[in-house]
Amino acid sequence: MDRLPGFRDFYPEPLPHPDAWSADARQYIFSRWRDVARRYGFREYDGPPLEPLELFTAKSGDEIVAQLYNFVDKGDRAVALRPEMTPTLARMVAAHERAYKKPIKWFAIPQLFRYERQQKGRLREHFQFNADILGESDPAADAELIALLIDTLRAFGLTAEDFVVRLSSRNAWQEFFSARCRDHTRAYEFFQVVDKLERVPPAESERRLTALGFSLDEVNRFITSAQPTAELQAILDNLAVRGLCEFVQVDYHVVRGLAYYTGPVFEAFDRRGEFRAIAGGGRYDNLVKLISGGKVDLPALGFGMGDVVLLELLKARNLLPVPGPGVDVFVLIEDEALRLPSLQLVQTLRTAGFAVDFPLTPAKSDKQFKRAQELRAPWTARLESPTHVRLRNLVNRREMTVPVGEAVAHLRAP
Ligand code: HAM
């Protein structure tokens with residue numbers, strides 16, 4: 001039976017097929033995400049993958065609602081698999097807002113589900129690094145978050161030649177819209193057209209804009225002539241002091257497809273323009289209030305970075321590390337009379353923190369040794385007697401026989 005289209009199986013290395021998804025690569029990405037978030041003082045949170053449907057309807061915008069995996073559960077509740085993390089975060093923070101000092105800096109690595117048309121960089125399930133700051137309205141928070149985004153990508157070895165953060169302003173777009181169109185209910189529709197300008201044929205964008213009372217020409221003129229707003233300038237200055245300005249550029253093509261953004265918005269792209277957005281985010285100062293039914297009012301901002309495009313980019317730039325060996329030590333049991341003390345040795349080494357494997361059932365010695373090589377174990381250990389063990393370093397070929405009690409010290413020696 002095949003897996004569903006747009007969903008992935010993650011295999012351990014070595015991969016059965018070059019196109020298979022690697023569980024090791026996924027783990028590598030997650031650990032870098034966690035590491036940089038920690039360096040920036042963010043704490044990890046998580047929420048349920050299944051949420052009430054209404055958490056997403058009316059809050060995220062039509063585009064994401066059309067992509068929902070939703071159904072009625074056995075208790076007659078309308079539910080949906082989470083397509084994004086931000087509404088869950090807003091709900092969680094609103095519920096216990098008083099328990100946390102501001103600003104709140106939280107991150108999560110949820111698996112998200114969107115019934116999208118499958119294409120390069122877009123699947124029906126992905127993991128997304130989310131980092132958000134709540135309770136701070138100063139642009140210093142926007143700069144901090146963008147710095148985190150930049151440093152996250154740099155942690156994978158990507159440089160200013162590989163990616164750029166395109167910075168824009170939903171405020172500026174809102175003003176542009178309001179100055180020309182009185183029907184405020186259509187602002188989101190307008191942002192959706194701008195969001196897709198670079199992906200949709202110009203004639204199609206022109207048609208949609210005309211229906212809203214705009215011309216493609218005036219929209220394009222706004223994009224090319226727009227100057228940074230005071231807010232954006234404050235963010236740029238802040239990033240410049242950190243030595244990060246080469247990673248950012250003001251670009252009004254960005255407006256973001258989700259409905260709830262209110263202020264500065266941004267997206268990270270590869271410089272060569274080969275891939276879809278690596279990450280996207282911005283300010284959403286009204287969402288917590290909306291989700292808490294007016295009970296809690298907190299300014300907020302954040303971004304999401306998917307694992308799919310990031311992995312494609314790292315592969316293309318040859319930046320994925322070769323996965324490490326499966327084990328540190330393979331214990332050979334060539335003499336079955338020594339199986340029980342060998343098991344004790346396995347246990348001692350594991351307790352000392354080594355990753356250890358051994359033949360579960362009797363096997364020929366060459367087969368055992370082959371297995372150790374397949375696992376790329378740097379060491380083998382074989383009991384010569386209940387009291388002495390032969391250690392062999394498969395990397396530098398060094399061998400020695402030592403008392404069992406000294407094995408750990410020898411394996412630890414540099
Ligand atoms: P988003 O732009 O919808 O934002 O998604 C953020 C990133 O997730 C994208 O740039 C992309 O890398 C990845 N992504 C999105 N959809 C897919 C897909 N179908 N397949 C693979 N990767 C995908 C949000 O979700 C916001 N909630 C982010 C945010 C957090 N804003 C504030 N805080």
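Residues are numbered from 1 along each chain as its sequence is written. Because the model is predicted, local features need pLDDT of at least 70 and side-chain atom pairs count only at pLDDT 80 or more, while totals for chains, interfaces and linings use all residues; side-chain values use heavy atoms, with hydrogens and water left out.

**Domains**
- The protein chain is assigned domain 1 (10–316) and domain 2 (329–412); such bounds come from an automatic or database domain assignment.
- Between the C-alpha centres of domain 1 and domain 2 the distance is 50 Å.

**Around the ligand**
- There are 25 residues around the ligand, and E84, T86, E116, L123 and Y261 come nearest. A residue is near a molecule if one of its heavy atoms lies within 4 Å of it.
- In this shell, 10 residues are nonpolar, 9 polar and 6 charged. Here Ala, Val, Leu, Ile, Met, Phe, Trp, Tyr, Cys and Pro count as nonpolar, Asp, Glu, Lys and Arg as charged, and the others, Gly among them, as polar.
- R114 places a polar side-chain atom 2.9 Å from an oxygen atom of the ligand.
- H126 has a polar side-chain atom 3.3 Å from a nitrogen atom of the ligand.
- With F303, a backbone N or O atom lies 3.4 Å from a nitrogen atom of the ligand.
- The ligand taken alone exposes 660 Å², and the protein buries 96% of that; accessible areas come from the Shrake-Rupley method with a 1.4 Å probe.
- Strand 9 (125–134), strand 13 (279–283) and strand 14 (300–306) are the elements that give two or more residues to the shell. Helices (H or I, at least four residues) and strands (E, at least two) are DSSP runs, numbered from the N terminus.

- An open sheet of 5 strands has the order 16-15-17-18-19, with mixed pairing. Two strands pair if DSSP finds at least two bridges between them.
- At the edges are strand 16 (356–357) and strand 19 (399–403), each pairing on one side only.
- Strand 17 (residues 379–383) and strand 18 (residues 388–393) run antiparallel and are joined by 5 bridges; A381 has L391 in strand 18 as its bridge partner.
- Strand 18 and strand 19 also run antiparallel, with 5 bridges joining them, and R392 is partnered by E399 in strand 19.
- The hairpin of strand 18 and strand 19 has 5 residues between the strands, and R397 takes a positive phi near 70° there.

**Aromatic rings**
- The count comes to 27 aromatic pairs. Rings of Phe, Tyr and Trp (its six-membered ring) pair if their centres lie within 6.5 Å; planes under 30 degrees apart count as stacked, over 60 as edge-to-face and the rest as tilted.
- W173 and F176 are an edge-to-face pair because their ring centres are 5.4 Å apart and their planes are at 80°.
- Both W173 and F176 belong to helix 5 (residues 170–180), 3 residues apart, which is about one turn of the helix.

- Most residues other than glycine have a negative phi, and most peptide bonds are trans.
- E13 and P14 are joined by a cis peptide bond with omega about -5°; P14 sits in the loop between strand 1 (10–11) and strand 2 (21–22).
- From K102 to P103 the peptide bond is cis, with omega near -5°, and P103 is in the loop between helix 3 (86–95) and strand 7 (104–108).
- R256 is not a glycine, yet has a positive phi of about 80°; R256 lies in the loop between strand 11 (248–250) and strand 12 (264–270).

Note on methods
A polar contact is a pair of N or O atoms within 3.5 Å; within protein, one must be able to donate a hydrogen and the other to accept it, and residues adjacent in sequence count only if both atoms are side-chain atoms.
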